[in-house]
Amino acid sequence: MRSRSRTFLLVACLLGTAAMPALAQVDPVALRVGKLEKEMKAVQRKVFPSGAPVEPELGAMPAPATAAGSPSSAPIADLTQRVDSLEAQLKSLTGQVEQDGFRLKKLEDAVKALEAANAPPADPAIGPNDVAEPTVATPRPIVAPPKPVATAKPAVVTSVKPAASVKADPARKAAIAAVELPATGDATEDAYTYGFRLWSAKLYPEAQVKLKEFVAKNASHKRASYAQNLLGRAYLDEGKPALASVAFYDNYQKMPRGERAGESLYWLGVSLTRLKKPADACKVFKEFDEVYGAKAASELQTRVTKGKSDAKCTA
């Protein structure tokens, strides 16, 4: 009886010892299979981000030959077959991912090159001299005249009073009274004519008052250009070239279509010469040539030529 028990235990031990190599082989293979399956799914998610993963096609594999003296079992053969198939699929998908990435990079580079080639050119910078040449109707800005000393706004008067410095001069009062007030029935024309007569009589302060009043009230009248030009003449003749330059500049810029705009441009050059600004005066005379040139009256062209000579213009 004891002999049979020993024999049973010995057989059990031998069977357990024989089964251990098979179990030891199954566990590493299973881990390898799990790892490969995870890697396969990660690659499939990258290759097919919006679709279902592709299951590997596992075909029937011939059973591997069993070496003599080695244990053989169906589970180990199946796992080995799965591992071989997964490794082949993973290698194929990895190669496909690398090729697709290379092609995508080439496409992106090509798109960037096309966008750069078809991009519109940048607008060129506009410099201070990129201005259209002026015409008589639209003169371009020129040298601004010096700012005059602020003066009080003259009151609107119906008759001229002598300046404060000559208020007590009976001779001046008589000279003003001697200037005839025109009465043609055209009040606007008469107002300009009266200012002109005061200037002709060399009553410059009084003429300035009337001429300023006329321009303020009749800016759109045909005589406004005449009155503004004559206002500059009154300042210049009185020995105030700074105030004169402002009056001439305003006439040329604000009323370029006026009949005295060209003449005011000439007198502006003269005023700047008297202010000892010959370089600015030459710019003004050049402006006259470009805007008016041969269109101006011959007598005015002759005066401009003399103005250039007085300012010692080289061109």
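A charge sits over a ring if NZ of Lys or CZ of Arg is within 6 Å of the ring centre and within 35 degrees of the ring normal. With that in hand, I looked up R223. It lies over the face of Y226, at 4.7 Å from the ring centre. I note that this is a predicted model.

Next entry: N229. I found N229 in helix α6, which spans residues 224-237. Is N229 buried or exposed? N229 is buried because its relative accessible area is 4%, and the cut-off for buried is under 20%. I then listed its contacts, leaving out residues up to four places away in sequence. N229 touches F248, N251, R260, E263, S264 and W267.

I searched the whole structure and got eight aromatic pairs. F248 and W267 have ring centres 6.4 Å apart and planes at 20 degrees, so I logged the pair as stacked. This pair links distant parts of the chain, with F248 in helix α7 and W267 in helix α8, 19 residues apart. Both F248 and W267 are buried. Ring pairs also join F248, Y266, W267 and F285 into a cluster.

Last entry: the core. The largest nonpolar core has 44 residues. Which members touch the most others? I noted Y192, L265, Y266, L268, F285, F288 and Y292. Helices α4, α5, α6, α7, α8, α9 and α10 each supply at least two residues of this core. I followed up F288, again skipping residues up to four places away in sequence. F288 touches G262, L265, G293, A296, L300 and V304.

Terms used
Residues numbered from 1 in each chain as written. Predicted model: local features only at pLDDT ≥ 70, side-chain atom pairs only at ≥ 80, totals over all residues. Heavy atoms only, no water. Helix = DSSP H or I, 4+ residues; strand = E, 2+ residues; numbered from the N terminus. Buried < 20%, exposed > 50% of the residue type's maximum accessible area, 1.4 Å probe, protein only. Contact = heavy atoms within 4.5 Å. Core = buried A, V, L, I, M, F, W, Y, C linked by side-chain atoms within 4.5 Å. Phe/Tyr/Trp six-rings, centres within 6.5 Å; stacked < 30°, edge-to-face > 60°.
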